[in-house]
Amino acid sequence: MSVRARLATEDDVAALARLGAARRRRLAEWAPVWWRMADGADELHPLWLAHLVTSAGPVARVVDDSGEIVAGAIALPQGPTWFVDDVAATTEEAAACLLDAVTERPALTCVPAADADGSRRAGAAGWAHVSSYWIGPPAAGEADAPAGAWTGPVPPHTFGPALAGGWAGGLPAPPVYDPGGTVTIVATVAGPDRAAALGAELADAARRGDVLLALVVGADDEDLAMAAAAAGLERTVDVRAAPA
């Protein structure tokens, strides 16, 4: 293998930023609202990367091919779990090398559902599909959720402590993205009528003025996936867990 992974330094920030900018443009093609780029994203992101690279806690890695940076990612601590973010690579070899280099455990990363190559690479590296984000616009309707709607198990996700209670509404997007307003994130839908519970949350989000709702669905939760599709949500992101 001609490429090697190593920890990133301040000298790598510009290369990481270039990889990230190219990746954001591809993401916006796959999900034009969820990943719509914010004005000034290309100027803001290098500042954030420089902070991460020089801070204690996050672990920034790059893949070097004869002096050229061809891949990079940041592992961010989220309580007991690591979130591997800003994953970008220019070649198959670099992508495989990058995933193999991540040693933090347990760790989760996100792969766009439309990224067939990324899904294949993650699977080949042993990163298992554990949940998906189904995303779409809120809809007016009945806002009263059935009893016990938010007391079920929470599938693995990368939204961090904001979802400690199972859901959060009115959340702003990260500064590099601009979906056009705030977002509701729902991490658990339980109770006797999950479709009605989801409909209530969609109505609640519409009433708040949120522009999107993202629902976390376990990889093996076919019933909720069907309810999400029926409600007009689309599977947009797959969450994958690193091998133990």
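**Around helix H4**

I started just past H4, where Gly126 takes a positive phi of about 90°. Before going on I noted that this is a predicted model, where local features need pLDDT of at least 70, side-chain atom pairs count only at pLDDT 80 or more, and totals for chains, interfaces and linings use all residues. Residues are numbered from 1 along each chain as its sequence is written, and side-chain values use heavy atoms, with hydrogens and water left out.

Helices here are DSSP runs of H or I with at least four residues, strands are runs of E with at least two, and both are numbered from the N terminus. Next I asked which residues of helix H4 (residues 116-124) are buried. They are Gly118, Ser119 and Ala122; buried means under 20% relative accessible area, exposed over 50%, and partly exposed in between, with a 1.4 Å probe and protein chains only. Looking down the axis of H4, I found its buried residues within an arc of 100°, so they line one face of the helix (the arc is that of the directions from the helix axis to the C-beta atoms). Ala116 and Ala124 are exposed, on the face turned away from the buried side of H4. The buried residues of H4 pack against helix H3 (92-101), strand S5 (107-112) and S10, with contact meaning heavy atoms within 4.5 Å.

**Cysteines**

I looked for disulfides, meaning pairs of cysteine sulfur atoms within 2.5 Å, and the count is zero. Cys97 counts as buried at 10% relative accessibility, whereas Cys110 is partly exposed at 25%.

How many cavities of 30 Å³ or more does the structure hold? It holds one. On a 1 Å grid over the protein atoms alone, a cavity is a set of points where a 1.4 Å probe fits but cannot get out; a pocket is an open set with protein on both sides within 12 Å along at least five of seven lines; lining residues have an atom within 4 Å of a point. Grid points are joined across faces, edges and corners, and a volume is the space filled by probe spheres set on the points.

The largest cavity has about 40 Å³ of space, and its lining includes Leu16, His45 and Asp86. H1 gives the most to this lining, with three residues.

The second largest pocket has a volume of about 210 Å³. Of its 16 lining residues, the closest to the centre are Trp30, Ala31, Ile135, Glu234 and Thr236. S10 turned up again here: this strand gives the most to the pocket lining, with three residues.
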